[in-house]
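Work through the exercises below with the sequence and the model side by side, and try each task before you read its solution.

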Amino acid sequence: KNKKFCRRLAVAIAVLATLLLIAALFAVVIPEVTTSLSRLFETLPDHLKKVEKWWETFPEKHPKLYSNKLIAPYLKMGVDYVTEGINGGVISTIVDSISYVLGGLMGAVNVLYNIVIGTIVAVYALMSKESFMAGGRRLVLACMSRRRSDNFFKIVRTTHKIFGGAI
């Protein structure tokens with residue numbers, strides 16, 4: 001009875017430690033992500049205005065480039081392309097970025113869900129270890145001859161001795 005209590009206590013401590021580790025990870029990551037995103041969305045309009053102003057004043061600051069007949073059409077096309085991209089393409093990029101962030105958050109929730117389900121299965125397996133071992137032993141004895149099953153159990157015992165100390 002004491003052995004069962006010790007096993008239950010060990011399983012409970014392991015599950016609690018795992019959940020605390022996951023909670024600590026989320027407690028560190030989530031505030032940082034929300035702070036970074038809010039800062040990005042606050043400063044993004046100012047940065048876009050600076051870039052647009054820079055592109056609009058580029059011809060005034062570099063008149064020799066615009067007087068060159070070979071370069072001028074390409075520069076004008078580049079300025080128009082960047083201005084159009086800032087005015088039209090940035091919003092779609094922001095929307096795409098938000099969808100990626102939300103997808104990442106949904107992935108994190110999915111990982112958390114899988115961890116919870118895995119923990120439940122692990123607790124169940126650890127609590128019922130002896131009955132699973134007895135069932136496996138009966139299955140091996142039913143499927144193999146006595147000599148082969150003895151060899152199989154010898155290999156399993158040796159493997160347990162080798163790897164059991166490392167776990």
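Helices here are DSSP runs of at least four residues, numbered from the N terminus. Serine 149 lies in one of them, helix 5. Keep in mind throughout that the model is predicted.

**Exercise 1. Decide how far each part of the model can be trusted, starting from the confidence values of the protein chain.**

Solution. Begin with the chain as a whole, whose mean pLDDT is 78, with 84% of its residues at 70 or more. Then turn to the separate elements: confidence is lowest in helix 2 (residues 63-67), where the mean is 68, and highest in helix 5, where it is 90. Where pLDDT is low, predicted coordinates should not be read in detail.

**Exercise 2. Is serine 149 buried or exposed, and which residues does it touch?**

Solution. Take the relative accessible area as the starting point, remembering that buried means under 20%. Serine 149 counts as buried because its relative accessible area is 0%. Next, leaving aside residues up to four places away in sequence, look for its neighbours: serine 149 touches Val140, Leu141 and Met144.

**Exercise 3. Describe how helix 4 and helix 5 are placed against each other.**

Solution. Two packed helices are described by the angle and the distance between their axes. Here the axes of helix 4 and helix 5 come within 8 Å and cross at roughly 145°. The contact is made on one side by Arg137, Val140 and Leu141 of helix 4, and on the other by Arg146, Ser149, Phe152 and Phe153 of helix 5. Sorted by class, the residues of this contact are four nonpolar, one polar and two charged.

**Exercise 4. Which residues line the largest pocket, and which element gives the largest share of them?**

Solution. First list the lining, which consists of Met133, Gly136, Arg137, Phe152, Phe153, Val156, Thr159 and His160. Helix 4 (129-143) and helix 5 (146-164) are the elements that give two or more residues to this lining, and the largest share, five residues, comes from helix 5. By class, the lining divides into four nonpolar, three polar and one charged. The space in this pocket is about 240 Å³.

Key: Residues numbered from 1 in each chain as written. Predicted model: local features only at pLDDT ≥ 70, side-chain atom pairs only at ≥ 80, totals over all residues. Heavy atoms only, no water. 1 Å grid on protein atoms, 1.4 Å probe; cavity = no way out; pocket = protein on both sides within 12 Å on 5 of 7 lines; lining within 4 Å. Points joined across faces, edges and corners; volume = space filled by probe spheres on them. Nonpolar A, V, L, I, M, F, W, Y, C, P; charged D, E, K, R; others polar. Axes fitted to C-alpha atoms, helices over the stretch in contact; angles between N-to-C directions. Contact = heavy atoms within 4.5 Å. pLDDT = per-residue confidence, 0-100. Buried < 20%, exposed > 50% of the residue type's maximum accessible area, 1.4 Å probe, protein only.
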